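Dear colleague,

Please find below the structure I promised to pass on to you. My notes on what was found in it follow directly after.

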Amino acid sequence: MAAVRMLRTWSRNAGKLICVRYFQTCGNVHVLKPNYVCFFGYPSFKYSHPHHFLKTTAALRGQVVQFKLSDIGEGIREVTVKEWYVKEGDTVSQFDSICEVQSDKASVTITSRYDGVIKKLYYNLDDIAYVGKPLVDIETEALKDSEEDVVETPAVSHDEHTHQEIKGRKTLATPAVRRLAMENNIKLSEVVGSGKDGRILKEDILNYLEKQTGAILPPSPKAEIMPPPPKPKDMTIPIPVSKPPVFTGKDKTEPIKGFQKAMVKTMSAALKIPHFGYCDEVDLTELVKLREELKPIAFARGIKLSFMPFFLKAVSLGLLQFPILNASVDENCQNITYKASHNIGIAMDTEQGLIVPNVKNVQICSIFDIATELNRLQKLGSVGQLSTTDLTGGTFTLSNIGSIGGTYTKPVILPPEVAIGALGSIKAIPRFNQKGEVYKAQIMNVSWSADHRVIDGATMSRFSNLWKSYLENPAFMLLDLK
């Protein structure tokens, strides 16, 4: 074992006594991250030199630290605890996942900033956690064979926390893999990852478990089918006594939270808006043919091409001619803001409830660009991993309720937006062409709602007619694409 020699240096700086300690091994000095800095007589010392001394929290042997929920942003003050990745008694390292929380806008994974042992969980699943309140208690690991030193860093304020560097390499694994490892009492640091950048996959955990136990689960035995016993001829069949059914179910009351809580706030605000409704039908026969030609090309590029990219691009082209539909009003409807970007939202039905992510800057995107972004949003939305950026900043909304069913609907505007559209299902219906001949037409109904305080019926009708012309004659879009 390498010889360890402790070297302690005392120096004075700015008239204040500062303790400096170094750790030396085999003649080479290795400066460690400091655990504390002693400013005698000045607990909140501030130094005006361009390089200040790093301030951190002392990690004493057996010290229990309250790990508090940090500010997530967007004015969020409370979240719902959806999943714990640790339990009391587990050992965690810096940046290990602690839990997953969900606000009314997005889901966020909380990671540890300490190395130590989990001593207490403050919340159960589906409990409401508050920003600034403790999530868990962590007993920090004691310092062994080391002393503290002072390292100069860029200045930090008295109330800021500084994170220690990761000791060793960072473990890359998804929450599902971490849970699998936790349930089988496997330390991820002992598993060799076979994924990209050393990421630990589910197969790595299973292979590690098989090597450790060597156990292979035997197949479940099949139940032997026994023939029914012979029925005696003189046996009388009893007549069952019928009893009235007894229902033992009970009503259940639970708080509204997560995305449903956000819907309550949004729809309550929407009730203050006088809605103007407008409906029409669109013949998508030519667009259906065009999409069938383009689907194999998009699939070869790894993208699923639906009708929605065409709908969004047609909306964006229409908003260029009618910018008032891509605007927002203040709470008292005293000012109107015309939005430069076309951030068009798409209403999605997920297990967590209704969410409305948006495609940013549709006005500068191609059909393929829009399809690529929609694929990304749909994948994240299906697993509840959409970010706050994906869910905010919308300027116009489309609801594809027709993918579930229905013909007409009355969409509700999402404040502070001023317009929204809802698309019905596409149905094959007989129609007459210009020669009076019957043909098979692909018809879709659309329903628009607009804020009647700032948008009149004629404006909504003209916008709908322009949008309809782009979809019924897809080649027209080529003339206005930029």
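Helix 3 (residues 259-270) is 12 residues long and reaches 16 Å from its first C-alpha to its last, close to the 16 Å expected at 1.5 Å a residue, where the expected span is 1.5 Å times one less than the number of residues. Helices here are DSSP runs of H or I with at least four residues, strands are runs of E with at least two, and both are numbered from the N terminus. Phe 259, Ala 262 and Ala 270 are the buried residues of helix 3, buried meaning under 20% relative accessible area with a 1.4 Å probe and protein chains only. Seen down the axis of helix 3, these residues fall within an arc of 75°, so they line one face of the helix; the arc is taken from the directions from the helix axis to the C-beta atoms. Among the elements that cover them are strand 8 (97-102), strand 14 (275-283), strand 18 (353-355) and helix 7 (388-391), with contact meaning heavy atoms within 4.5 Å.

Before going further, please note that this is a predicted model, in which local features need pLDDT of at least 70 and side-chain atom pairs count only at pLDDT 80 or more, while totals for chains, interfaces and linings use all residues. Residues are numbered from 1 along each chain as its sequence is written, and side-chain values use heavy atoms, leaving out hydrogens and water.

Helix 4 (residues 285-300) bends by about 35° at Leu 294, with Pro 296 following within four residues; the bend is the angle between axes fitted to the seven residues ending at a residue and the seven starting there. Its buried residues are Thr 285, Leu 287, Val 288, Arg 291 and Ala 298, and they pack against strand 14, helix 5 (308-321), helix 6 (367-382), strand 22 (438-451) and helix 8 (457-472). Just after helix 4, Gly 302 takes a positive phi of about 85°.

Turning to the strands, an open sheet of four has the order 5-12-10-7 with antiparallel pairing, two strands being paired if DSSP finds at least two bridges between them. Strand 5 (64-68) and strand 7 (91-92) stand at the edges with a single partner strand each, so one side of each is left without a neighbour in the sheet. Strand 7 pairs with strand 10 (residues 116-121) over two bridges, and Val 92 stands opposite Gly 116.

For the protein as a whole, there are nine helices and 22 strands, and 37% of the 482 residues count as buried.

Notes: Buried < 20%, exposed > 50% of the residue type's maximum accessible area, 1.4 Å probe, protein only.
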